[in-house]
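Visitor: I have a model open and want to learn how to read it. Please take me through it one feature at a time.

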Amino acid sequence: MIKKRQSIQDPAAESQLFNQRALFGYAVVLICFFVVVFNQYKLQVVMHDHYVTRADGNRIKLIPQPPNRGLIYDRNGILLAENRPIHSVELIPEQVKDISQTLMEIAKLIEITPERQQEFLKEVKYHRRFVSIAVKEHLTEQEVAIIAVNQHRLPGVTLEARLTRHYPYGELFTHAIGYIGKINAKELDKLEEEGVTANYAASRDIGKIGLERYYESQLHGQVGFQQVEVNNRGRVIRILDSKPATSGDDLILSIDMHLQKKAKELLGENRGAIVAMDPRDGAVLAFYSNPSYDPNLFVHGISGKNYRELLNSPDRPLVNRVTQGVYPPASTIKPHMAILGLEHGTVTEQTRIPDPGFYKLPNYSRPYRDHVKWGHGWVDVYTAITKSCDTYFYDLAVKLGIDRISDYMKKFGFGSRTGIDVMEESAGLMPSKEWKRARHKQNWFPGDTVSLGIGQSYWSTTPMQLALSTAILLNDGLKPTPHMGRYFRNQSKDTSLIAPLERVIEVKNPKNWQISKEAMRQTLMEQGGTGFNAFKGISYSAGGKTGTAQVINMAANQKYDANAIKEIHRDNAMFIGYAPAENPSISLTVTVENAGGGGSNAAPIARKMMDYYFTRQSAAGAQP
Amino acid sequence: MNLLKDPNHKGLLAKLHLDGPLLAGLILLCVTGLFVLYSASGQHWDMMAAHSTRLVFAFGAMLFLAQVKPQTFHFWAVPLFLAGTAMLVMVLAFGHVGKGAQRWLDLGFMKFQPSEVMKLAVPMAVAWYVSSHPLPLKFRHLIVGFIMCAIPTVLIQQQPDLGTSILIFVAGVFVLFLGGMSWRIITAIALIIPVASYTMWLFVMHDYQKRRVLTFLNPESDPLGSGYHIIQSKIAIGSGGFEGKGWMHGTQSQLEFLPERHTDFIFSVFSEELGMIGVLFLLALYAFIIARGLIIASRAQDNFSKLLAGSITLTFFVYVFVNIGMVSGLLPVVGVPLPLVSYGGTSMVTLMAGFGILMSVSTHKRLLAQQ
């Protein structure tokens, strides 16, 4: 075999063959390397920008930073809504070896309900492993201390603090200021519609009702961002850039905390509403609806049991009586009716009508009773208001007619929202022929007009509407926009929220307005006025009008006996008033549900409010 | 030339039977590898120490084999091949299972991976067989040669270890190629492969295998699954740009978006941090080593040495190309390390052993000629 091989082998030719093959091989090597270089060029030069973007997308994350919510102060600078840190104990699953074991350890130290433990273990499954999850929120100071001391034994367990809203006066301002709570799906949709979702990237809460809701966009502030570099597990490696959050603007209210407190105190156990307003510019000084409830419950997520209790309470604490409570205005609108009568020329200052104790429509037998059985005798516009004569206004209303009344009273703001800075507002109802046809499929009867004259018969108003109509009356047809927010304050400047007055009623003869106001003054200041007893001995001058609203309809011959009927069917006590009579700086609207007569039940409350207001004014000295 | 003129005045390299240019290329490559590994491992000193230890061991193996005469390799080629094949069978029968594959044989005092031995034993045996016949090869010899390549390839494929089996197969085939396999056959194979692949696709491959192929063709279709590796690798390479992000400043690698970044995907780290400039340097270095290897092969005195040296060199190239190709999306992902740069085990020792054989071929030829 060796022989054979040696005989045929040709070393030179073999060597040449090998060299050719090796050279060819090397050519292939170079071609392949060229392909690699070409591919590198494509990736690293041609598509470089594309891949840089993707690499940055991998590593750079934006972490939103929540802004601090603007604080809310009363007119004296007293803090009404603040941000307080709440503490929670949290755990990062990635850093904990045995999660249920650690949970047991924590549960030994502080109380965690079995339901919460179950819930937590479920949450762990659905969260990313490096994001911390709250084991328990709203820790007490003692619990914080216990966890802090034992933290070294619990790797991966941290104490976290974040700011949340706190309302130090509890139920006192609930209906005015409202509260914030967790953003729900519906609110999220709305934020999306407005295109501000990004601004809420780090926010948990949103204004739910009251001023917190109305001024949400200013109070919320601007979200900040931290641009961070993360690794493949999302852990933050370093901060690349940051834009701090801008706190929301602080809101300064026209509300006076002391007056508000007084309102609550005066309503006591009664259901009702008190509005104190500066009629000159619509600034609300007190805005209180009784009963109220603690808004802090809602901030922390109210329990189902507590919520049902509030919802089902017969006193209906959740209703904002100031703007959502609709009541027949009763006699409180008589001054407005008088102005209409005078301005239209239906009556004059001298017009007198006889009052036998009832009114009868021509060709109708049904008597419309006056609240004084035997009547007031001959009545002019002053007496009609001071003594709250019903017959005078029955007659006036019928002479004016429904259309004229409805049109004119709408100018006083009845039947539409006042535009106060809460969204929970009812428009009340100023009836009209068209309305009755649409709503009740019935024609307007003359009898409907009769009771309209004394603020009954479908006419319903909110206390805020009454307050606004009073202000319009006092300003001779100029309307202020009622508001609780006076101005916003941030580091650089204050932004006023006070809107200029707007003419809503043309004045034919200013004297007519004067007559009505003089009658209101007499109502409180002169013997025989329905509010005289309540305002006896005041050190200032005042004007006002009492009202007693029927809650149930009485048959013509039936006598009202407060003791004989259920409490919720008793009359509502109403009162509107202002002081000083010459140049009013405060107006009061008081509604007390089912309390009885306005003169004896609502007017005294208004008087005490005024007394308190002027006492504080003089104590404050030169201060406005 | 110097050696001939003054045989008594040898340089240190000659005394140690080392080829200067090749040694320089290898050292430069290994040092480059150490720098990249330092960055890719996240400044992991334990890893650096382990890698350095292996380097020392690998260079030791190279130095040792450089002293062995080529005739000795010729003598041991067949016994080594037979023993290796037997061990591959044993691995399949009693082997140690690690990472889902049976590759290790426990010898009691050490664990041993027979497929690594076969990386050298197969080209040695095929070179032995081919060099015992006149070149160019006749068709029947070619068939025998193919069978010699196929047996260990199939055995290793069973472990399963696709990367190694391919490398071993090509190592053997390179011998046949260099031995003068006829162009007609080469062309025929080149034509058969696409047809065979398509037939396999239609009738043989399972759905999951098809899915793998599709993912290779379009990694973006499965960004969180099997496409993740290659997508992240391409992002790393592409974002590196022409100049690179700087040593130890690759975001894809340092922030651990890149998987297997100190082993199979170390080229991506290199590309990201040192950019296209770095890649050109690295490829030039590889091209130089391959060129030097082929020069040594062509200067070798006998056919066995030529074929063995040529095959070892070209197989080294296949390592480089398959690794770079897979991490940059040119080839499917098969677990092949970047030679002498990737962190990891036995393959580096085997590679350096191969270079030891090259050194031996390069430095023992004169003595052979004189005999």
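Guide: Start with a strand pair. Strand E8 (residues 224–230) of chain A pairs with E9(A) in the antiparallel sense over six bridges. Strands (E, at least two residues) and helices (H or I, at least four) are DSSP runs, numbered from the N terminus. Two strands pair if DSSP finds at least two bridges between them. This is a predicted model: local features need pLDDT of at least 70, side-chain atom pairs count only at pLDDT 80 or more, and totals for chains, interfaces and linings use all residues. Residues are numbered from 1 along each chain as its sequence is written, while chains are lettered from A and ligands numbered from 1 in the order in which they are written.

Visitor: Which residue in E9(A) is the bridge partner of A:Gln226?

Guide: A:Ser242 is that partner.

Visitor: What is the order of the strands in the open sheet of chain A?

Guide: The order is E1-E8-E9, three strands with antiparallel pairing. Strand E1 (60–65) and strand E9 (236–243) are the edges, each pairing on one side only. From one strand to the next, the twist averages 30°.

Visitor: How is pLDDT read for chain A?

Guide: pLDDT is the predictor's confidence in each residue, from 0 to 100. Chain A averages 88, and 95% of the residues score at least 70. Residues 1–7 of chain A stay under 50. Where pLDDT is low, the predicted coordinates should not be read in detail.

Visitor: At what angle do H13 and H14 of chain B pack?

Guide: Axes are lines fitted to C-alpha atoms, for helices over the stretch in contact, and angles run from 0 to 180 degrees between N-to-C directions. Helix H13 (residues 266–299) and helix H14 (residues 303–327) of chain B pack at about 165°, with axes 9 Å apart. H13(B) and H14(B) are therefore roughly antiparallel, a term for angles over 145 degrees. Among the residues that meet are B:Tyr286 and B:Ile290 in H13(B), and B:Phe316 and B:Phe317 in H14(B).

Visitor: How many residues does each chain give to the contact between chains A and B?

Guide: Two residues are in contact if their C-beta atoms, placed from the backbone, lie within 7 Å. Chain B gives 42 residues and chain A gives 36. H13(B) gives the most to the side of chain B that touches chain A, with twelve residues. That side divides into 24 nonpolar, 15 polar and three charged residues. Ala, Val, Leu, Ile, Met, Phe, Trp, Tyr, Cys and Pro count as nonpolar, Asp, Glu, Lys and Arg as charged, and the others, Gly among them, as polar.

Notes. Parallel < 35°, antiparallel > 145°, perpendicular 65-115°, else oblique.
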